[in-house]
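Student: I have a model open and want to go through its main features. Can we start with the helices?

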Amino acid sequence: MKIGVVGCGKISDQYFQFAQTSKKIKIISCTDQILEKAIHQSTKYSISYSKSIEEMLLNPEIDTILNLTPPKEHKKITIKSIKSSKHVYSEKPLGINSKECYEILEVAKKFNKQVCSAPDTFLGAGIQKSKKIIKKNSIGQIVHASAFMVSPGHEYWHPNPDLYYDIGGGPDLDMAPYYLTTLVYLLGKVKRVTGSHKKTFSTRKILSEPRKGEIIQVQAPTHISSILDFYNGVICTMIMSFDTHGSTLPRIELYGTKGTLHLPDPNSFGGPLKIIKPQEESWENIPISENTGQRGMGLEDMADSIKNNIVAQTHCQNAAHVVNIIESVRISSEKNQHIYLN
Ligand SMILES: NC(=O)c1ccc[n+]([C@@H]2O[C@H](COP(=O)([O-])OP(=O)(O)OC[C@H]3O[C@@H](n4cnc5c(N)ncnc54)[C@H](O)[C@@H]3O)[C@@H](O)[C@H]2O)c1
């Protein structure tokens, strides 16, 4: 698969580095609305650059666009690329609301192009092993689940944290895709949600270099608590927060009739993975494969799926469901009612 990257920001290095060692994918060009960023990455990774996305889309050598722009740009760039006969792999979220996601699904179908979306962490060894344990019925019937991502916010480490507080940002649209993609992969689809959200501060101060001290406006909610009812009867409690300075909450746990499974951070590919059974006093560590995987493996899966004409594991249909869950929690909070998903 020959790839053109749109968006040469913070995350792009991980994809450029992955592609350097991959036998299945190759990044051959990059572009950015700030041309110097594209030139910088093209020099660093010895590839060509395009002066604009329009120029990139005219390149017949490129069959797939890797969309690494901020969320509110995703739909525009993804649809433009599909209409130029390119497949697309988009960073999460697929779109910033369901309307955008369904538009992408429709255009992809019409133009017969494959559209996939991050995260690909569920393809890693930790979550794959979890799936096997659940299949073996090791924790029995799952009754409920928890998913917690509580942090002080991206202004502590990201050089340009603006997008994470802008429209299309917030801890739910930014981080919940890791948690929800994992839960939907393990438990199936969500039927109904309820939630409460708030924007704790109207501004945030950047604490990382090079813009340390700058104030950014907050457009998105920064703390979201929710209850998710899955079709299979599991009830999940989920908290996504950029307003928390310390916590001992687990990332994801599944509570079954025969035990509890403690999953790894779904924003990672490895462990630790732990289980505790009734009457036992300590958790048992479950070994996972040493070859855990890394960000980019979703692109290889996509390359295989195009070659073999099968549906990719990171197909955008799942990503659209994830955005639908996130959006419905926000609507639930605003309307003071349960929301049933489409
Ligand atoms: N930073 C991370 O650790 C991380 C991790 C996982 C996923 N992501 C996802 O990756 C995406 C990008 O995040 P980031 O942290 O790299 O952001 P960033 O702000 O560092 O980079 C985004 C880049 O996109 C460029 N850009 C914006 N609009 C554009 C347009 N219309 N055309 C061309 N270029 C455009 C910007 O100039 C910038 O260089 C987001 O969807 C984010 O959710 C980021």
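Student: What should the 20 residues of helix α9 span at 1.5 Å a residue?
Tutor: This is a predicted model, where local features need pLDDT of at least 70, side-chain atom pairs count only at pLDDT 80 or more, and totals for chains, interfaces and linings use all residues. Residues are numbered from 1 along each chain as its sequence is written. Helix α9 (residues 316-335) should span 28 Å, and its end C-alpha atoms are 28 Å apart, which agrees. The expected span is 1.5 Å times one less than the number of residues. Helices (H or I, at least four residues) and strands (E, at least two) are DSSP runs, numbered from the N terminus.

Student: How many of the residues of α9 are buried?
Tutor: 15 of its 20. Buried means that 20 or more other C-beta atoms lie within 10 Å of the residue's own, with C-beta atoms placed from the backbone.

Student: What follows α9?
Tutor: Asn 336, with a positive phi near 55°.

Student: Now the sheet. What is the strand order?
Tutor: The open sheet runs β3-β2-β1-β4-β5-β6, with parallel pairing. β3 (48-49) and β6 (115-117) are at the edges with a single partner strand each, so one side of each has no neighbour in the sheet. Two strands pair if DSSP finds at least two bridges between them.

Student: How many bridges join β1 to β4?
Tutor: Four, between residues 2-6 and residues 64-67.

Note on methods:
A residue is buried if 20 or more other C-beta atoms lie within 10 Å of its own, exposed if 12 or fewer, and partly exposed in between; C-beta atoms are placed from the backbone.
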